[in-house]
Amino acid sequence: MSLRHRYLALCILGTVIPYAFFIPWLLDHELAPGAFARDLAANRISLFFAADIVVSALVLFRFSWAERRAGRLPRIWPIYAATLLVGVSCGFPLMLFMRQGPTARTANRAGPDQPTP
């Protein structure tokens with residue numbers, strides 16, 4: 001299995017595992033923003049994880065933007081959408097999957113004794 005396919009598998013796992021917890025909660029509470037905020041801020045450890053995820057998402061957004069500007073990503077909107085709709089567990093492996101394609105093609109084009117950009 002290639003590295004690119006491993007990133008895709010991690011992206012799928014990064015969607016399935018968090019949603020395995022979120023969907024049952026959603027079935028119990030429906031779309032209740034108040035209940036979501038209450039449960040998210042239930043205690044300090046919940047807030048710790050929420051803050052960690054928010055900071056990680058912001059770092060991922062900035063990193064993706066920089067990689068797009070450097071020409072190593074064809075587009076960034078799927079990464080932003082995956083992160084906002086699922087989480088960093090999906091958005092980050094998706095970014096690595098998308099980045100691996102152009103990077104691998106550039107490395108093959110450069111040849112073995114030429115530096116890659």
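Visitor: Which class does F22 get from its relative accessibility?

Guide: F22 sits at 29%, so it counts as partly exposed (buried is under 20% relative accessible area, exposed over 50%, partly exposed in between, with a 1.4 Å probe and protein chains only). This is a predicted model, where local features need pLDDT of at least 70 and side-chain atom pairs pLDDT 80 or more, while totals for chains, interfaces and linings use all residues. Residues are numbered from 1 along each chain, and side-chain values use heavy atoms, leaving out hydrogens and water.

Visitor: How do I read the ring pair of F22 and W25?

Guide: A pair of aromatic rings is described by the distance of the centres and the angle of the planes. Here the centres of F22 and W25 are 6.1 Å apart and the planes at 15°, so the pair is stacked (centres within 6.5 Å; under 30 degrees is stacked, over 60 edge-to-face, the rest tilted). The two are three residues apart in helix α1, about one helical turn (helices are DSSP runs of H or I, at least four residues, numbered from the N terminus). W25, at 17% relative accessibility, counts as buried.

Visitor: What about F22 and F36?

Guide: That pair is edge-to-face, with 6.4 Å between centres and 90° between planes. F36 lies in helix α2 (residues 33-40) and F22 in α1, so the pair ties together parts 14 residues apart in sequence. F36 is partly exposed, at 40%. Ring pairs link Y19, F22, W25 and F36 into a cluster, and the whole structure has six aromatic pairs.

Visitor: Where is the largest nonpolar core?

Guide: Nonpolar side chains tend to be buried together in soluble globular proteins. This core has 13 residues, with L73, I79, L94, M95, F97 and M98 making the most contacts inside it (buried Ala, Val, Leu, Ile, Met, Phe, Trp, Tyr and Cys, joined through side-chain atoms within 4.5 Å). α1 (3-29), α4 (77-85) and α5 (88-110) each give two or more residues, and α5 gives the most, six.
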